[in-house]
Amino acid sequence: MSKRIGIYPGTFDPITLGHRDIIRRGSKLVDELIIGVTTNPSKNPMFTPEERMEMVEREVRDLGLDNVRVVGFNALLIKFAQKMGATVIVRGLRAVADFEYEYQMAGMNQQLDPGIETVFLMADVSLQPIASKLVKEIAQFGGEISRFVSKDVCEEVIARVEREGRKGDY
């Protein structure tokens, strides 16, 4: 029997407690879970791909999961999944709005490779409102983000905001 490999793709800019929850739960569904850290310039990244890789690797180590590894990629997701030998794509859902987009993506991926299934995991109720984009915006305007990210990530985001300058009147 072959090893079941899953891919959990994302920009992870920054990695949140919601991402950590999906990683922890997704790792139980497969023999190996590959966290695919990708680039998406349209999301206006705060951190470089290398910084995000280091951040995700540290967070995965903190979770103590021995069947999870982090791989960077800049390609079509389905091509990356094929290259990694994956048969499952893990996607986290926070709200109904996420579902429409993810459902469309899952349908397109199924058309591209029907041998790769998409599995949706609902975010823990306490983590559903957390989005990387909102974490960055809150930090940039001087708000408190420690409820949404780990202590280390919080420190990195705050340091970046201090270096690049806050926004707004506060």
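L33 touches G6, I7, Y8, I23, G26, S27, N67, V68, R69 and V90, leaving out residues up to four places away in sequence; contact here means heavy atoms within 4.5 Å. The model is a predicted one, in which local features need pLDDT of at least 70 and side-chain atom pairs count only at pLDDT 80 or more, while totals for chains, interfaces and linings use all residues. Residues are numbered from 1 along each chain as its sequence is written, and side-chain values use heavy atoms, with hydrogens and water left out.

L33 also belongs to the largest nonpolar core, which has 31 residues. A nonpolar core is a set of buried Ala, Val, Leu, Ile, Met, Phe, Trp, Tyr and Cys residues joined through side-chain atoms within 4.5 Å. Buried means under 20% relative accessible area, exposed over 50%, and partly exposed in between, with a 1.4 Å probe and protein chains only. Y8, I23, L33, I35, V56, I145 and V157 have the most contacts inside this core. Two or more residues each come from α1, β2 (32-38), α2 (49-63), β3 (68-73), β4, α5 and α6 (151-164); helices (H or I, at least four residues) and strands (E, at least two) are DSSP runs numbered from the N terminus. A second, separate core of 13 residues includes I5, L77, A81 and I89.

Helix α1 is mostly covered, with 7 of its 10 residues buried. These are G18, H19, R20, D21, I22, I23 and G26. At the start of α1, a side-chain oxygen of T16 lies within 3.2 Å of the backbone nitrogen of G18. R20, also in α1, counts as buried because its relative accessible area is 18%. Beyond residues up to four places away in sequence, R20 touches I15, E59, D62, L63 and S150.

Apart from neighbours within four places in sequence, R58 is in contact with D152, V153 and E156.

The description now turns to the pockets. On a 1 Å grid over the protein atoms alone, a pocket is an open set of points where a 1.4 Å probe fits, with protein on both sides within 12 Å along at least five of seven lines; lining residues have an atom within 4 Å of a point. The largest pocket holds about 1,100 Å³ of space, a volume being the space filled by probe spheres set on the points, which are joined across faces, edges and corners. Its lining has 42 residues, of which G10, T11, K43, R91 and E102 lie nearest the centre. Helix α4 gives the largest share of this lining, 9 residues.

The second largest pocket has a volume of about 160 Å³. Its lining consists of K43, N44, P45, M46, K133, K136, E137, Q140, E164 and K167, with the largest share, 4 residues, from α5. E137 is in helix α5 and counts as partly exposed because its relative accessibility is 35%. E137 and V161 are 24 residues apart in sequence and 9.9 Å apart in space, C-alpha to C-alpha.

Note on methods: A polar contact is a pair of N or O atoms within 3.5 Å; within protein, one must be able to donate a hydrogen and the other to accept it, and residues adjacent in sequence count only if both atoms are side-chain atoms.
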